[in-house]
Amino acid sequence: MSMHLSWRTTIASLAVGLAVGLSLAACSQPLKFSKDDSATVLAFQTITAENPAEPGAFKVVRMFYGSGTDKQRKEFKDSVTYKTKAVDVSPYVTVPPTAAGDRKDFWGFDMKAVPLNARVWYPEGTGPFPLVLVVHGNHNAEDFSDPGYGYLGELLASRGFILASVDENFINGLSGENDGRAWLMLKHLEQWKRFNDSSAGPLSHKIDMDRIAVMGHSRGGEAAALAAAFNTLKFYPDDAKQKFKFNFHIRSVVAIAPVDGQYKPASKYTPLENVNYLLLHGSHDGDVSTAVGMRQYERLRFTDGQEHFKAMFFMYRANHGQWNSVWQNKDNGPRSGRSLELAALVPIEDQRQMGKLVISGFLEATLHGKSEYLPMFRDHRTAGHWFPKSMYTTRFMESGFRTLADYEDDIDVTTGASGVTIETDSLATWKENVIPFRGMGTDDQRNNAVWIGWNNRIAGPDTTKMGRPASYTLTIADSLVKSWNVTDKGVLHLSVAPTKDKPSPRALPKDTTKKSDSTKKADSLAATLKADSAKSAAKNPKKDEADTIPVDFTVELTDADGHTARMPISRYGAVRRPLDVHLYRRKGRDEQRFTNTFEYVPQSFLLPLADFAAASPEFRPERLKSIRLLFNKTFVGTIILDDVGITPSMSAKYMAAPLKP
Amino acid sequence: MRTDRFHRIFCVAALALSAIVLSAHLAAAQNAAPDTGPLALLLPASARAAAIGNAAVAGRDEYAVFQNPARLNATTGFGMTLATYGASTRALAAASASTIGPVTLGWALQAVDFAAPRTSTTYPVAPASLMSGGESDAFSLVAMVSGAMTYKGFRIGTSVKYAEDMVRRNSTDLPVVALPSRGAAWLLDIGTSHPLWTGIAGLSIQNVGQPYLLRGTPYSVPTQLALGWSAQYAWGPFDYGFHTQVTARRNGWVSPAAGFELGWSWIDGYNVTVRAGAHRTETADEKPVGAGFSFGADRLNLDYGASFYSGSQMAHRLTVRWR
């Protein structure tokens, strides 16, 4: 008996000891966030219009349309206002033979006869009302996703939009099917045209088929862009036997945390032209963990001379699923809480409030023509009081943009667009490269930019000794400025993503006895900097702490007559170091999964040339000659710079509600 | 659909629990299994198998090779089990698998160091005899190499086994140097498995081979057919699984078995699991129920399993698995 007891005791002690030890060793990591500056950044509110996230004046009516025979959803069987005919999506969607039987048993149909089901929120009134289709993405097919946008439906219908949340649950769980998702959206639009043209029914002649937006989430986000691309084609790119004849007036596309490149028409990333585009992505997306929608954002081109814009909102601590009330915070499936740090997420209500705000504002601006909401896309600080407390990195470009340097065309770092030359002074880093995503592997943003690094400090024991501020200068040919007809209503665009890299101090100058005039001037500036930097260094004795100092620099414009004007970049937006993202509970998991624990999202800055003229009355924007980034504010740092350009004469509606921080 | 799924899971759970109760009931009224050997073929090889009533023909880990070579784990892994029966019996079992291209290869062995009763009428030794010990030093071994692959959706596998019992003559009876008596057999296992409903079905024919001789007497090997079904589900924050099996020996003895597992993971990679199972045992001295628990931390798993015997005695197994 004593032997048994001893053996039991030994095993129990061993097991318990190991379990406790390993459990302790596997502790979850503490919550880690970037320093929250939202109290400062969101302190303004210069847009005076009503908040587009608040309900409007219309009474909301709800209805369903669909097959009337649905096996799984009563609402699409017993409650359809309009009955729709099934369509054959099989040319675009392939079901593995091993799964075909089970899927048909569950749904009651196969891909040759899928239903056109949707739940609809529409305003009571005579209309015509703009139409918005929203489609969910991939999710457990039996946990139906389409009801998850009801909060948007209620809001948008009250504000005079028709929102239809399209049912594509029956193609969830497949792969390479986003062309099918897009095609189905277009088939729904055909259905809507019939509803409108019909002399009977509650939506007869109430639909504004000239004002259509398509919206999608996750795979649906890629499908929405694809639908806009397919809309103008005559044939399916992968099989011209499939004819397209859509040509709807799709004006706007909204992509919520979209995937990109899961389906490539003709093996190419989907090109997109001449629509307004809004992209939302969360930094803490546990499903589409890299903001791949930025590639579609980059690929969108404005070629028709019409007025369009594209915008992106990257919300800190937002996830993938909270924009859908069914998906919630289960980015990694029902057991997300085991792996994902759910406590890091913004509250569900905040994430949806942000979605309501920017989506409603975008649709009001692009479908209702309410230009008073445009400034929030140029600079979200103009609507700071409307945004839930978080940090937002935003991108914006409108169709008047003219490129000075996008770093895509050649491998010569000294040239920008045709007629633009580049020179630098005292930079520690100057290189062009593709902007990476944070994920492992070789996937990148397919967007090149320039890395600019500087350290104004002179190497040596005196840590306060500063050299001439580093600079990066683009010089523009006179003919280019003239041909673009740059005016004082023009706007300078810069896209900037600070990095965490800190170049080493500069080597000592070889000869300090002979000073040119320019050096004397620089020395004078350096003396000013020296005091500021000394204070900064004293406050930040540890190397790592310098990373939390916001980057700032001066934008100096010079006209052909040599008159200069300067503005600090920080006046036009927050120049944040990369936002730290730790998705996982387990310590070390983020580092295993991602190359970086942050995403490079270049922040767009729009600097009105009129501001420079106001600061320096002699400066003449119409004779703009050079743009110089002068790194005289933060003594060390590295930025990624992209999309340097000018809108020669910006529409005043974008520049309304100016901020004077 | 969600209701249907719940209904299906409920039915399966009810069936599995019924099987456990039935197994226990049958065990209570059982006759002893006809004598077969070597002993190492009759013992569960891992703590997990012991805890779930040895209903592992459709299970999946390195140790599945002891029951069904088709279930050889497709991921590289290694496991080692230490077991004790009473005061005088110790056992060691080890198993490993690794994948090379489409083929999974594995090896496994179980060695039992025990004391056998002196009289020849007690051989072959039943598992329950290990608790009471004996006067003769004895040793039992099974060692095997296995291979498995997938063909047209079916997992198929085979093992070649060497099994032996060795009983040393009691030196107190004989003044001369004791000579061991050894009986050995070469055996073959073949098995298959395939997804069925929401789980996996497994079928295995084990211990195909000739009777072996010990001290000139032929003894049967436990040639048997095992058919089983295992499934794993999620229920809120828990994972749970059912394992069922029916084993039929060539000599007509039939043993139903069933087991249940309930696991909980509080963070990715870590989990605790409790297990219970029942099966018809070889003899009435071996209780039909088993129980155990495990703790998993990333690639490391610690399993404990207990078997129960008459006289409130227990056999303990501790398995360490590394994947």
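## Loops, hairpins and a covered helix

D298(B) sits in the loop that links β14 (286-297) to β15 (300-309) of chain B. The model is predicted. D298(B) is not a glycine, yet its phi is positive, about 55°. Is D298(B) buried or partly exposed? A residue needs 20 or more other C-beta atoms within 10 Å to be buried. D298(B) has 13, so it counts as partly exposed.

Y407(A) belongs to the loop between β15 (402-405) and β16 (420-425) of chain A. This residue is buried, because 26 C-beta neighbours lie inside 10 Å. Most residues other than glycine have a negative phi, and most peptide bonds are trans.

Two cis peptide bonds deserve a look. One joins G127(A) to P128(A), with omega about 0°. P128(A) falls in the loop between β3 (118-123) and β4 of chain A. Another runs from G37(B) to P38(B), with omega near -5°. P38(B) is in the loop between α1 (2-28) and α2 (47-51) of chain B.

| Site | Angle | Value |
|---|---|---|
| D298(B) | phi | about 55° |
| G252(B) | phi | near 100° |
| G269(B) | phi | about 95° |
| G127(A) to P128(A) | omega | about 0° |
| G37(B) to P38(B) | omega | near -5° |

**Chain B: strands and hairpins**

Chain B contains three helices and 16 strands. It has 323 residues, and 49% of them count as buried. Take its contacts with a separation of 6 or more: 57% are between residues 24 or more positions apart.

How many bridges join β11 to β12 of chain B? There are 11, between β11 (residues 238-249) and β12 (residues 254-267), and the strands run antiparallel. D239(B) has G263(B) in β12(B) as its bridge partner. The hairpin of β11(B) and β12(B) has four residues between the strands, and G252(B) takes a positive phi there.

β12(B) also pairs with β13 (residues 270-279) of chain B, antiparallel, over nine bridges. Here E261(B) is partnered by R275(B) of β13(B). Two residues separate β12(B) and β13(B) in their hairpin, and G269(B) in the turn has a positive phi.

Helix α7 of chain A covers residues 219-230. α7(A) is mostly covered, with 12 of its 12 residues buried. Among them are R219(A), E222(A), L226(A) and F230(A). The cover includes the strands β4 (129-135), β6 (207-217), β9 (250-256) and β10 (272-273), plus the helices α6 (178-197) and α8 (293-299), of chain A.

Chain A is assigned domain 1 (41-398) and domain 2 (402-655). The C-alpha centres of these two domains of chain A are 36 Å apart. In the contact between them, 28 residues of domain 1 meet 28 residues of domain 2. On the domain 1 side, α8, α11 (375-378) and β14 (392-398) of chain A each supply at least two residues. β14(A) gives the largest share of that side, six residues. By class, the domain 1 side has 12 nonpolar, nine polar and seven charged residues.

Notes:
Residues are numbered from 1 along each chain as its sequence is written. Chains are lettered from A and ligands numbered from 1 in the order in which they are written. This is a predicted model: local features need pLDDT of at least 70, side-chain atom pairs count only at pLDDT 80 or more; totals for chains, interfaces and linings use all residues. Two residues are in contact if their C-beta atoms, placed from the backbone, lie within 7 Å. The expected span of a helix is 1.5 Å times one less than its number of residues. Domain bounds come from an automatic or database domain assignment. Ala, Val, Leu, Ile, Met, Phe, Trp, Tyr, Cys and Pro count as nonpolar, Asp, Glu, Lys and Arg as charged, and the others, Gly among them, as polar. Two strands pair if DSSP finds at least two bridges between them.
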